[in-house]
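Let's take a friendly walk through a protein model, going from strand pairing to the core and its rings. Keep the viewer open as you read.

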Amino acid sequence: MTTKIVITSNRTAPVSVPLSNSELIVNQNVSVSTPGTALIATGTATNRNFYINGYLLSASDYAVQFGASTVADSKSLFVVGKTGKIDGQAYGVNILGGGLELVNHGTVQAVKTTLSVSGATTKVVNNGLLVSSTGTAIIASGKSEMVINNGTTKAAGNTVVLSGASANFTNNGETSSSKAGALVSSGLSAILTNNGTLKSVTDTIVSSGAKAIITDNGLITSSKGSAIIAKGASAIVTNNGGTINAVKDAVVLTGDDGKGTNNGLITSSAYR
């Protein structure tokens with residue numbers, strides 16, 4: 001049987017969801033506003049579902065804490081609705097356990113790191129706004145992480161940082177950084193696909209892991225650096241009818257046995 005928790009009125013005490021087979025709903029226009037973590041869902045429990053249609057607000061620490069590093073598959077779902085908002089005045093969401101699917105239709109924002117993901121095989125889908133005002137929007141370090149951006153993901157620092165092996169990043173919306181790079185990937189066999197817009201001030205995509213596959217079907221642009229830098233061995237960069245432009249070298253492959261294919265437009269103002 002599922003234990004159902006519904007938050008129907010504003011509160012200043014954190015919400016705790018410690019048990020397996022639980023469901024949390026925060027109703028529209030209802031806020032959980034706390035000095036520290038607003039939603040505590042740590043531990044080894046599985047089959048927990050969260051529906052945030054109101055607001056989770058934290059003045060310090062992470063606004064949301066989920067899972068435990070010992071759990072490979074939490075079998076859990078976390079949904080921020082169109083009217084939902086997670087606001088961390090320090091950090092946003094900390095995902096420790098594996099196997100969580102997080103879907104954002106609303107707003108997830110933080111001053112520092114917005115999403116910190118260390119649990120393996122976590123799937124993050126952003127259909128709304130995901131933003132960090134001074135730091136990084138997404139840091140994902142577990143194996144086989146999947147990040148899909150259909151909305152807007154932006155940060156002042158490096159916007160998306162992937163370090164686990166077999167990471168998969170797909171951008172169908174806009175991923176941008178106002179002061180650094182849009183995408184940094186260091187894990188082995190990463191698959192990085194852009195169907196939307198990736199833009200940054202410095203180098204837009206920096207991949208250092210071996211056997212990375214980078215594909216552009218949209219726009220990748222840098223206002224002060226390179227568009228794509230692939231440092232790992234056997235990296236493959238393919239421009240499938242998209243546009244890649246930069247102030248410096250547009251595409252740089254420095255790893256052994258790297259391969260580049262262009263079926264679109266690649267430009268660099270340094271060579272005009």
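Predicted model: local features only at pLDDT ≥ 70, side-chain atom pairs only at ≥ 80, totals over all residues.

Residues are numbered from 1 along each chain as its sequence is written, and side-chain values use heavy atoms, with hydrogens and water left out.

Let's begin with strand β7, residues 55–58. Strands here are DSSP runs of E, at least two residues long, numbered from the N terminus. In a regular strand the side chains alternate between the two faces of the sheet. In β7, Leu 56 and Ser 58 make up the covered face, and Tyr 55 and Leu 57 the uncovered one. Two strands pair if DSSP finds at least two bridges between them. Strand β4 (residues 31–34) pairs with β7 in the parallel sense over 4 bridges, and Val 32 stands opposite Leu 56. Strand β10 (residues 85–88) also runs parallel to β7, joined to it by 4 bridges; there, Lys 85 is the bridge partner of Tyr 55.

Next, look at Asn 126, in strand β15 (residues 123–126). Its relative accessibility is 2%, so Asn 126 counts as buried (under 20% relative accessible area, with a 1.4 Å probe and protein chains only). What does the side chain of Asn 126 reach with its polar atoms? One polar atom lies 3.2 Å from the backbone oxygen of Thr 152, and a polar contact of 3.2 Å joins the side chain to that of Thr 153. A polar contact is a pair of N or O atoms within 3.5 Å; within protein, one must be able to donate a hydrogen and the other to accept it, and residues adjacent in sequence count only if both atoms are side-chain atoms.

Now for the core. A nonpolar core is a set of buried Ala, Val, Leu, Ile, Met, Phe, Trp, Tyr and Cys residues joined through side-chain atoms within 4.5 Å. The largest one has 53 residues, and those with the most contacts inside it include Leu 56 and Phe 78.

Finally, the rings: a search of the whole structure finds 3 aromatic pairs (ring centres within 6.5 Å; planes over 60 degrees apart count as edge-to-face, under 30 as stacked and the rest as tilted). Phe 50 and Phe 66 have ring centres 6.0 Å apart and planes at 90°, so this pair is edge-to-face. Phe 50, Phe 66 and Phe 78 form one aromatic cluster.

Note on methods:
Buried < 20%, exposed > 50% of the residue type's maximum accessible area, 1.4 Å probe, protein only.
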